[in-house]
Amino acid sequence: MALSRVHLQLAVEAADRLSGRLRAVIDDHFGHYCVGAVAPDARERNTAGRASTHFFEFREPATWGRATAGLFAAWPDLASPDDVSGGQAAYVAGYLTHLAVDEVFVLFCGEHARRADRAATVGLTYTLERDWDDSSGALARAAAVVHPFDSGGIDHMVHAGRLAELTNWAQLLARATSPADIVRVFARADGRSDDLAEAERIAAERLATGRSLFGDDIAERFAARAAEEIDRRLAAYERGDGARYDSPSLRAGFETAPPAASGDSRA
């Protein structure tokens, strides 16, 4: 799946495109919005844990595009931004951006997602990264508010302790300056050597795999498709229509395919 760095970048860019009531709420509670944009990953690191916070199954295309409706089926009291506090509404809006990005991710991953092809999934993850100098300022703005975070009494929809750990992780990734830097962040977290030369080798290998499978322009194509999906979901949420949201184009051509062969469930 996309790393928190991509989630934060796309969420902030989406907020900048908004106008009206939801934009005002996000501006007033920007930290809640950014934390919501990474919150679904505050989960158990297994496929069952993913579904419980993402509301779709990575390997089951029939569920793709339905995550927003699934979220509000599980949390109906949060479905309208007019019925909750500003902080809660901003957090939910951020959460919706995360679901949109990850469902676009499985669309692009396609058959590789259905087979749980780890090499392809990781390759796609790394090739989505862009704007390493953060010229837009999106990541710098998110990093400044995502950790530490005061929840302010909102419903997290995820485990609060894991969310607190995740925001620290998200801040580290948001401040990464190269693909190799991301590899080193993971290595340090796992207690492994963060040797720069080895990190550069690993990053180059993952980028090569991703580009060979998905194209050299994958980052731009993905960002455009994800932005489109985020905008539609935030508009539906602002109208109070999120509980009925569906995006069938995210599963078109996959949902009636025969079951995929067993693969690496860690993808």
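Start your tour of this predicted model by selecting D117 and A119, at the start of helix α8. A side-chain oxygen of D117 reaches to within 3.3 Å of the backbone nitrogen of A119.

Now extend your selection to the whole of α8, residues 118–127. Is this helix enclosed or open to the outside? Eight of its 10 residues are buried, so α8 is largely enclosed by the rest of the structure. To see the buried ones, highlight A120, T121, V122, G123, L124, T125, Y126 and T127.

Next, look at two cysteines. Select C34: with a relative accessibility of 1%, it counts as buried because the cut-off is under 20%. Then pick C109, which also counts as buried, at 2% relative accessibility. If you are wondering about sulfur links, a disulfide is a covalent bond between the sulfur atoms of two cysteines. How many disulfides does the structure hold? The count is zero.

For the last stop, select helix α1 (residues 4–17) and helix α9 (residues 138–146). Their axes come within 9 Å and cross at roughly 105 degrees, so the two helices, α1 and α9, are roughly perpendicular to each other.

Notes
Residues numbered from 1 in each chain as written. Predicted model: local features only at pLDDT ≥ 70, side-chain atom pairs only at ≥ 80, totals over all residues. Heavy atoms only, no water. Disulfide = S-S within 2.5 Å. Buried < 20%, exposed > 50% of the residue type's maximum accessible area, 1.4 Å probe, protein only. Helix = DSSP H or I, 4+ residues; strand = E, 2+ residues; numbered from the N terminus. Polar contact = N/O pair within 3.5 Å; in protein donor to acceptor, adjacent residues only side chain to side chain. Axes fitted to C-alpha atoms, helices over the stretch in contact; angles between N-to-C directions. Parallel < 35°, antiparallel > 145°, perpendicular 65-115°, else oblique.
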